[in-house]
Amino acid sequence: MSDSTAATTAAAESGDKVKGARIGVVESDARDKTRKVVVNYVAKHPKYGKFVKRRTVLQVHDEENVSALGDLVEVGPCRPISKTKSWKLIRIVREAAGKGEG
């Protein structure tokens, strides 16, 4: 395990904040070790001043395939793993409702 991965894992276990971490919802878990996570936020329109909904879609590396569709997860930046993947799963904040049932 690299130093940055070890630091991220240690910070997640101790409850410390990871620099640049974001919280989002898993939108897709179809690929092996990869999750599509959507981070929703509100931004002020530069001209009109109205607050508008925005979203960022991140490709996240999930080494153990522990997250599932609908989970609320915390992700943090890491070195580029592939062309589109440069985020790693830190922890699952809340599992999706109905997960593990029948």
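## Strand E4 and its neighbours

In E4, Val73 is the bridge partner of Gly24. That contact belongs to a predicted model. E1 and E4 run antiparallel, and 4 bridges join them. E4 also pairs with E5. That pairing is antiparallel too, over 6 bridges.

How many of the residues of E4 are buried? The count is 5 of 6, so E4 is mostly covered, with buried meaning under 20% relative accessible area.

## Glu74 and Arg91

Glu74 stands opposite Arg91 in E5. The two also form a salt bridge. Their closest N and O atoms are 2.5 Å apart. The pair links distant parts of the chain: Glu74 sits in strand E4, and Arg91 sits in strand E5, residues 85–94. They are 17 residues apart.

Is Glu74 buried or exposed? Its relative accessibility is 10%, so Glu74 counts as buried. Arg91 has 37% relative accessibility, so Arg91 counts as partly exposed.

## Salt bridges across the structure

The bridge between Glu74 and Arg91 is one of several. A search of the whole structure finds 4 salt bridges. Side chains of opposite charge can pair when their charged atoms come close.

Among the salt bridges is one between Arg55 and Glu27. Here the closest N and O atoms are 3.3 Å apart. Where do the two residues lie? Arg55 is in strand E3, residues 51–61, and Glu27 is in strand E1, residues 22–28. This pair, too, links distant parts of the chain, 28 residues apart. Glu27 has 36% relative accessibility, so Glu27 counts as partly exposed.

Arg35 lies in strand E2, residues 34–44. Asp62 lies in the loop between E3 and strand E4, which spans 72–77. The pair therefore ties together parts that are 27 residues apart in sequence.

Why does Arg35 count as buried? Its relative accessibility is 4%, and the limit for buried is under 20%. Asp62 has 2% relative accessibility, so Asp62 counts as buried as well.

Definitions and conventions:
Residues numbered from 1 in each chain as written. Predicted model: local features only at pLDDT ≥ 70, side-chain atom pairs only at ≥ 80, totals over all residues. Heavy atoms only, no water. Salt bridge = Lys/Arg side-chain N within 4 Å of Asp/Glu carboxyl O. Buried < 20%, exposed > 50% of the residue type's maximum accessible area, 1.4 Å probe, protein only. Pairing = 2+ DSSP bridges.
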